[in-house]
Amino acid sequence: MEYRLKIANEILPVQCQPEVQGQFTLSMGGRQVVVAAQRISSHQMALTIDGRRVMVYTSGRAEAKEVFINGRTYTISDADLVPQRRAKSSASAAPADIAPPMPAVVIKILVAQGERIAKGQALIVVAAMKMETTLSAPYAGVVAKIHVREGDKVAARQILMDIEKDSEHGST
Amino acid sequence: MFSKILIANRGEIAVRIMRTCRELGIATVAVYSEVDARALHVLSAHEAVALGPAEPQQSYLNVEKIIAAARQTNAQAIHPGYGFLSENARFARACRDHGIVFIGPPPEAIEQMGDKIKARRIMAASGVPVTPGATVDTTDEAAWAKAAEALGYPVLVKAAAGGGGKGMRVVQDAQALPAACRAAASEAQSAFGDPTIYLEKYLARARHVEIQILADGHGHAVHLLERECSIQRRHQKIIEETPSTALSEELRARMGAAAVAAAKASGYVNAGTVEFLLDPQGRFYFLEVNTRLQVEHPITEMITGLDLVRLQIEIAAGRPLALRQEEIFGRGHAIECRIYAEDPENGFFPSPGRIEFLKEPAGPGIRNDCGVYEGFEVPVEYDPILAKLVVHAQTRELAIRRMIRALQEYVILGLKTPVAFLIDVLSADFFQKGETYTNGLDVHFAQWKPAKGELETAVAAYLADTLLRGAPGPAAAGDAAIVEKSLWQTLGNWRL
């Protein structure tokens, strides 16, 4: 079985050959190791990698998992499964969108629909766990639509506001 | 002694206070907001009273509702924990007016010390050194600029009603001042209901050293040594330890005496903390008095063997404090790491969400004050603290090793935590040498990224979990052995 696994923005080609029950051979980066896995609970496994024992903890599904080993958490996704998912959810924001990085509450909306705004102008204040963050305009334009009201709870990467970009400011 | 206490707080501190109440045979009442109906502090109490919507103003900050909850349940006393109403004089007064004992200082002392501007004046008047600073009219932008100019940049903008780093900003130059002051005032307004701010000279290479004090209602006060809290991010402490590597016996005695003098000067009763900045020359400056139990109080409990919550309750019940200063000494070294729901790779931005898996560390010298459990949805409305991991060992070096070991065992999946970041800080040369200054993280850990780490093991774990779990998509935990067997048998259906 071949996988393309994504860890910390890097894609690693990986080969996995199942052997006897609970055991497989893993090939990555020109190295081959034998892995024996023993499930302890739905989130905990004891692995033996080339004879070395290590306890690992996991959460999530094949398309994206969190893996905890000795105090470090790795987020690993299957590069071949992730893009299909993305395509389905159009709500997922691009970097230029007016969207909070984490779940938050809308504290203050600083502009009105139809208002002309400058690049970098403060648009909306959100707060998560008492920390306030101001989202500002990525480019000059006009506020086309505001999707939320003050006091609303919003999800991570949810688009809060549409900005119609000024055409004279180029096409970047 | 009281037979029932209401705890006007949530999370780990409410759970921690309830533990001591149980040991003292005191019944406990929890209060909670809508989003906390299944929170650990509610599950840990004998009784629980719903306060209302999640917004703090309508729940944990609502004086009337909390007083009503205490009356309804016949609680004789209220412990406010830290944050929320713990330093709110109006609340302490409302308790008194309703014949309920507020477990903390009298409202007059909270008022004096809680207003950081007033507190600075009182300290200066009683001979305690204070940092150079200036008070300004919060609405007058020109006055801010003038005051900052006079102090010299960088300056620190602070909330008069502040605490926990809320409403605090370092300002490097005049250009950044107006925005920083406005943001600080707005944050102070929402956190404390008071937008008043003031300016202080910012000392970059200083330590934050605080002295724990205890005063009874009969005029007796002692200090319980120091806590070093220099390791901060966003002006909020993240690692604390005691003893401080910077204090000689002589300096410790002097700072302790200054703290006790400050307590007596302000008519202080109950537990409190006098915070100082300590410069590399060993000069210390008064910062503020926290008129409550501190988040980091457990490290003091570890080295002194005292239960601060028990002492708070006894003092509030009117008992004289039996401890004499010469009986108090520290044994060994204690460190606390705060486990927040936040992303150290992303500017420590809060990371609320569901805890998918939780395994707390255990073993010799380890204490974990935890306010959450596996399956709990960490709400977006409140402070991001999940737990406080505390270790105690014979020496500082052993305590650091113990903390690293405990963090390596601390599994929290489902949201971001600083566990890996904390391990790296504790392992860093500057920390191990005890060269801990308040700007330490900015200097050494500004652009922290996790090390690449054990990629091969991580990939092996990913694959093993996928193979042992079955086809992509949700899989019931179920009977692991059966799942495992059937999966290896159906591997033929996999991508080959």
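Me: Which domains is chain A divided into?
Reply: This is a predicted model. Start with the domain bounds. Chain A has domain 1 (2–86) and domain 2 (89–167). Their centres, taken over C-alpha atoms, are separated by 37 Å.

Me: How many helices and strands are there in chain A?
Reply: Count one helix and 15 strands in chain A. Of its 172 residues, 31% are buried. Now look at contacts in chain A with a separation of 6 or more: 37% of them join residues 24 or more positions apart.

Me: What does the domain assignment of chain B give?
Reply: It gives domain 1 (4–103), domain 2 (132–201), domain 3 (207–444) and domain 4 (455–493). Between the centres of domain 1 and domain 2 of chain B lie 32 Å, again over C-alpha atoms.

Me: How many residues of chain A are in contact with chain B?
Reply: An interface can be described by area or by residues. The size is often given as the accessible area lost when the parts come together. Here we count residues. In chain A, 51 residues are in contact with 55 residues of chain B. Strand 6 (residues 52–61) of chain A gives the most to its side, with six residues. By class, that side has 34 nonpolar, nine polar and eight charged residues.

Me: Which residues have the most contacts inside the largest nonpolar core?
Reply: That core has 152 residues, and the ones with the most contacts inside it are B:Leu6, B:Ile78, B:Phe276, B:Ala461 and B:Ala464. Helix 16 (residues 455–469) of chain B gives the most to this core, with nine residues. There is also a second, separate core of 24 residues, which includes A:Val105, A:Ala128, A:Met161 and B:Phe349.

Me: What does B:Leu6 touch?
Reply: Leave out residues up to four places away in sequence. Then B:Leu6 touches B:Val29, B:Val31, B:Ala69, B:Ala70, B:Thr73, B:Ala75 and B:Ile78.

Me: Why is helix 16 of chain B described as largely enclosed?
Reply: Check burial residue by residue. In helix 16 of chain B, 13 of the 15 residues are buried, so this helix is largely enclosed by the rest of the structure. From first C-alpha to last, helix 16 of chain B reaches 21 Å, close to the 21 Å expected at 1.5 Å a residue.

Me: Is B:Phe84 buried or exposed?
Reply: Count C-beta neighbours. B:Phe84 has 22 inside 10 Å, so B:Phe84 counts as buried. The backbone deserves a look as well. Phi of B:Phe84 is near 40°, a positive value in a residue other than glycine. A:Arg157 also has a positive phi, near 65°. A:Arg157 is partly exposed, with 16 other C-beta atoms within 10 Å.

Me: Where does pLDDT stay under 50 in chain B?
Reply: Where pLDDT is low, the predicted coordinates should not be read in detail. Chain B averages 91, and 94% of its residues score at least 70. But pLDDT stays under 50 over residues 471–486 of chain B. Residues 492–496 of chain B are below 50 too. The model scores ipTM 0.85 and pTM 0.87.

Definitions and conventions: Residues numbered from 1 in each chain as written. Chains lettered and ligands numbered in written order. Predicted model: local features only at pLDDT ≥ 70, side-chain atom pairs only at ≥ 80, totals over all residues. Domains from an automatic or database assignment. Contact = placed C-beta atoms within 7 Å. Helix = DSSP H or I, 4+ residues; strand = E, 2+ residues; numbered from the N terminus. Nonpolar A, V, L, I, M, F, W, Y, C, P; charged D, E, K, R; others polar. Core = buried A, V, L, I, M, F, W, Y, C linked by C-beta atoms within 7 Å. Buried ≥ 20, exposed ≤ 12 C-beta atoms within 10 Å, placed from the backbone. Expected span 1.5 Å × (residues − 1). pLDDT = per-residue confidence, 0-100.
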